[in-house]
Amino acid sequence: MLKKIEELQQEFRTAFEEVKTKADLLNLKADFIGKKGKISKILKSLKDAAPEERKTLGAESNLLKTGIISQIDEKLKALNIQEMNEELSRVWQDITLRDSVRDKGLTSAGYHPVSIIQREIEDIFISMGFDILDGPHIEDDYHNFEALNTPPNHPARDVQDTFWFSDMVHLLRTHTSPIQVRGMESKKPPFKFVGPGKAFRNETTDASHEFVFHQLEGMMVDKNITVANLIYFMKTLLSEIFRRTVDVRLRPGFFPFVEPGFELDIKCLICGGDGCSVCKQSGWVELLPCGMIHPNVLRHGGIDPDEYNGFAFGLGLDRLVMMRYGIDDIRLLHAGDLRFQSQFKAY
Ligand code: DAH
């Protein structure tokens, strides 16, 4: 009889693997553990077994029975979930969205203003022959800091406090600059590319600071690149974005990954230079830190700095959006308020 139990186990296994639908599963269940099922028959026939074997046979059959029941239950759960998901995807609609759109008298959704600006800038750079690269939000210390000439304990790390993972190696990237490193790792010079995306810092929020924000990194590597090339590309970019001449100023700026480094500011388009909360009453908004790529950064990217050089820049997209649309609080960008969001339709 022990052999019979083993055969039954094998038979169940084969049949179970072929189950595709809930109906198949319920038939299988009835066939094995239903009142007149195969297991029930065995259990009933135990009384005919030799008394000394009865105990083992009883235990084995019960084991088989409980095993079968739990496998069937598991599968039933999985099939129910699958069924529910299929049903949901058939009938799914975003009720929340519909209600709030209707309640507020709004008609349709649009693009997020950051996406609008990002796409426009990508188009401008594509037209100038740049590639568009992407990079991970979760970075490692090497790509976020070390390869960018910012070794452990470098004071420049202090202003980029972020969210670390418990291994203390991975972190939410504090800027899009690691895309530079990944770009150099994957390309051979000459090249030029931009890398847009989210960046994260452990910051207290106010009208001009958020702990999630957007940047667009840019890098050009070739032979004999000068600051004149950098200025040309930045000027072309800004006049395209703002569709008007903007006042700019260049100041020396320090970033470990560029030498020399600059801060390119534009005159505040919200207040026209008189001073407001966005420009912190200074009349100028820091928009575009940039500079000539530090030789150590090129070396980390596998590029010989005696042969090639280049420029890099990091554009703050949120500030640009605020300037373009006259938004005076960066927190509106993430608040998810449809009255705000639905004002931006174009791209
Ligand atoms: N990664 C810098 C930051 O977030 C910005 C930056 C400065 C990027 C200079 C650059 C650069 O590419 O050249 O503060």
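This is a predicted model: local features need pLDDT of at least 70, side-chain atom pairs count only at pLDDT 80 or more; totals for chains, interfaces and linings use all residues.
Stop 1: Select the ligand and display the residues around it. The shell holds 16 residues, and the closest include H175, S177, R201, Q215 and E217. Sorted by class, seven members of the shell are nonpolar, seven are polar and two are charged.

**Stop 2: polar pairs.** Keep the ligand in view and select H175. One of the polar side-chain atoms of H175 is 2.8 Å from a ligand nitrogen atom. Move to S177, where a polar side-chain atom is likewise found 2.8 Å from a nitrogen atom of the ligand. Then select Q215, which places a polar side-chain atom 2.9 Å from an oxygen atom of the ligand.

**Stop 3: the elements behind the shell.** Select strands β5 (212-222), β8 (284-293) and β9 (309-316) together. These are the elements that contribute two or more residues to the shell around the ligand.

**Stop 4: the whole chain.** Zoom out and colour by domain. The domain assignment places residues 2-91 in domain 1 and residues 113-341 in domain 2. Between the C-alpha centres of domain 1 and domain 2 the distance is 61 Å.

**Stop 5: backbone details.** The last selections concern backbone geometry. Most peptide bonds are trans, and most residues other than glycine have a negative phi. Select P189 and P190 to see a cis peptide bond, with omega about 5°. P190 belongs to the loop that runs between α8 (178-186) and β4 (191-200).

Where is P260, the next proline to select? P260 is in strand β7, which spans residues 258-267. A cis peptide bond joins E259 to P260, and its omega is about 0°.

Finish at N153, in the loop between α7 (141-144) and β3 (170-172). What is the phi of N153 near? The value is near 70°, which is positive, and N153 is a residue other than glycine.

Note on methods:
Residues are numbered from 1 along each chain as its sequence is written. Side-chain values use heavy atoms; hydrogens and water are left out. A residue is near a molecule or strand if one of its heavy atoms lies within 4 Å of it. A polar contact is a pair of N or O atoms within 3.5 Å; within protein, one must be able to donate a hydrogen and the other to accept it, and residues adjacent in sequence count only if both atoms are side-chain atoms. Helices (H or I, at least four residues) and strands (E, at least two) are DSSP runs, numbered from the N terminus. Ala, Val, Leu, Ile, Met, Phe, Trp, Tyr, Cys and Pro count as nonpolar, Asp, Glu, Lys and Arg as charged, and the others, Gly among them, as polar. Domain bounds come from an automatic or database domain assignment.
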